[in-house]
Amino acid sequence: MTGVDRRFRSLVVAHAVSAYGTYLNLIALSLFSYEVTGSALGVGAVMAVRLLSGVTAGLAAGAVTARLTRRTLMVATDLAQTLAMVVLALWASRTPLWVLLGAVVVLGAGNTFFNVALRSAVPVMVGQDDRARANGVLVTARSVATVLGFASAAPVISLGGFGVAFGVNAASFAVSAAAVLVLRPRTDTDRDTDRDGDTGGDAVSDPGAAEGGGEGSSPGRGGRLRRRVAGLAGPLLGLIALRGLDALASASHNVALPLAAHAAEPSDPAVFMARFWAAWAVGTLLAHQVLKRRSHGTSWGERAFAVGTCAMSLCFVAAFTGPPAPALIAAAVAAGFADGWTEIVYTSRLQAAPDRQRGRLFGLSATAEQSGFALGTIAAAAALEALPALAVVGVFHGAAACGALILLLLTVRRRDARSAEDRSDRSSTGGEDHSSAAGEDRSSTGGDKGEDTHGTSTGASRLPGP
């Protein structure tokens with residue numbers, strides 16, 4: 001990976017700076033929204049607008065990435081978010097509601113567009129074989145940024161006020177935009193470089209794009225490829241649906257954790273939450289260290305994601321049973337490990353799709369994740385008014401675990417059916433190759449007809465696998 005690896009790691013560092021500002025701003029913006037609106041309902045409305053803009057951006061992300069290069073989209077969204085935060089920083093003491101709403105729309109849509117562009121560009125930047133390791137680096141950087149952003153929000157706001165917090169977030173977006181402009185990472189395949197007239201540095205071939213390009217090369221190949229694509233649609237849609245259900249379950253422990261912190265350590269709940277999320281971050285780091293030693297993620301898929309989702313749900317539920325401090329830390333580390341595992345496996349699986357499909361897949365994924373998290377936040381908050389935290393978290397994560405088990409069962413059945421189909425295909429292809437070879441022998445002295453027949457047969461048998 002050499003030069004490409006160094007360039008990508010530099011980009012990840014800049015993205016981590018941006019993520020730090022984003023997580024710091026999550027707390028600052030919530031408190032600031034309460035000052036502007038004067039009510040908890042107003043805070044919920046502002047957050048709903050932000051989530052809704054993210055969901056809408058996810059629906060449009062596929063079309064946008066098809067018209068712009070991913071690098072252009074990343075820079076544009078970073079600059080737009082920089083401008084939005086500068087406006088809030090300058091007007092922090094007298095911000096009207098419409099300015100606040102406009103800023104959160106830009107933040108919600110910009111975050112979705114940037115993440116879709118970045119995640120779908122990873123295989124182009126580092127190559128398909130190294131995408132799982134690259135995803136692990138991204139997850140590690142984001143986890144560290146999450147902990148640092150949450151931990152530093154209180155002192156930054158108390159010392160400098162909301163204006164300083166918004167200024168820090170604006171600077172973090174500017175760092176990310178500058179890194180993309182200076183590093184000029186390769187984010188699109190050769191077929192897309194004519195959109196901005198620049199190859200942008202090191203080119204990494206994308207086998208997914210090549211596979212999609214030959215779809216109509218022959219009638220026989222096209223028919224079999226359509227059957228393969230139809231078989232692939234179910235697993236991917238099931239994967240994305242489970243990701244949305246996982247986001248819904250994750251909303252429950254995010255909403256319930258402050259309640260658990262006040263119940264466990266009423267004198268200092270912030271210490272409880274900081275300890276929990278720090279242990280969670282350690283778990284995500286361990287997940288990256290373990291997975292990067294595997295076979296580059298080439299064999300990961302629905303089964304690995306389903307198993308990781310079940311483990312994550314069980315660990316989060318265990319954390320709300322009121323265990324002693326050492327057991328709580330162990331549960332948080334295990335939850336972080338499973339969280340990092342599922343994130344890396346899930347992203348790597350979607351990135352295995354052809355390049356021209358990745359933007360739509362990640363856009364659909366962003367819509368499912370943010371819709372699930374928004375619905376989960378509302379439902380969990382309402383449920384916590386009448387039920388204890390353990391019951392709410394148990395029900396929500398139990399639903400995610402059931403969904404994972406269903407996907408796991410469907411995956412096993414589909415694997416058995418595909419094995420039977422592959423055995424049948426190999427038998428059919430063996431007979432076809434035999435007849436082609438015989439035709440070639442018969443025509444070896446009589447011209448090119450038998451040679452053409454052999455070439456067609458061989459070409460039809462080289463189909464992209466799932």
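Are Arg70 and Asp355 buried or exposed? I looked them up in this predicted model. Both residues are buried.

**Entry: Arg70 and Asp355.** I checked how the two side chains meet. They form a salt bridge, at 3.0 Å from N to O. Then I looked at where the partners sit. Arg70 is in helix α3 (residues 70–90) and Asp355 is in helix α11 (residues 355–383). The pair links distant parts of the chain, 285 residues apart.

**Entry: Arg119 and Glu343.** I found a salt bridge here too, with the closest N and O atoms 3.9 Å apart. Arg119 belongs to helix α4 (residues 97–126) and Glu343 to helix α10 (residues 325–351), so the bridge ties together parts 224 residues apart in sequence. Both Arg119 and Glu343 are buried.

**Entry: Glu265 and Arg275.** These side chains meet in a salt bridge at 2.3 Å, N to O. Glu265 lies in the loop between α7 (219–264) and α8 (269–291), and Arg275 in helix α8, so this pair ties together parts 10 residues apart in sequence. Glu265 has 22% relative accessibility, so it counts as partly exposed. Arg275 has 30%, so it also counts as partly exposed.

**Entry: the network.** I followed the shared partners. Salt bridges join Arg119, Arg142, Arg243, Asp246, Glu343 and Glu369 into one network. My search of the whole structure gave 10 salt bridges.

**Entry: helix α5.** I turned to residues 131–183. This helix has 53 residues, yet its end C-alpha atoms are only 19 Å apart. A straight helix would reach 78 Å. Where does α5 bend by about 120°? I found that bend at Gly160. After α5 comes Arg184, with a positive phi near 45°.

Note on methods. Residues are numbered from 1 along each chain as its sequence is written. This is a predicted model: local features need pLDDT of at least 70, side-chain atom pairs count only at pLDDT 80 or more; totals for chains, interfaces and linings use all residues. Side-chain values use heavy atoms; hydrogens and water are left out. Helices (H or I, at least four residues) and strands (E, at least two) are DSSP runs, numbered from the N terminus. The expected span of a helix is 1.5 Å times one less than its number of residues. The bend at a residue is the angle between axes fitted to the seven residues ending there and the seven starting there. A salt bridge is a side-chain nitrogen of Lys or Arg within 4 Å of a carboxyl oxygen of Asp or Glu. Buried means under 20% relative accessible area, exposed over 50%, partly exposed in between (1.4 Å probe, protein chains only).
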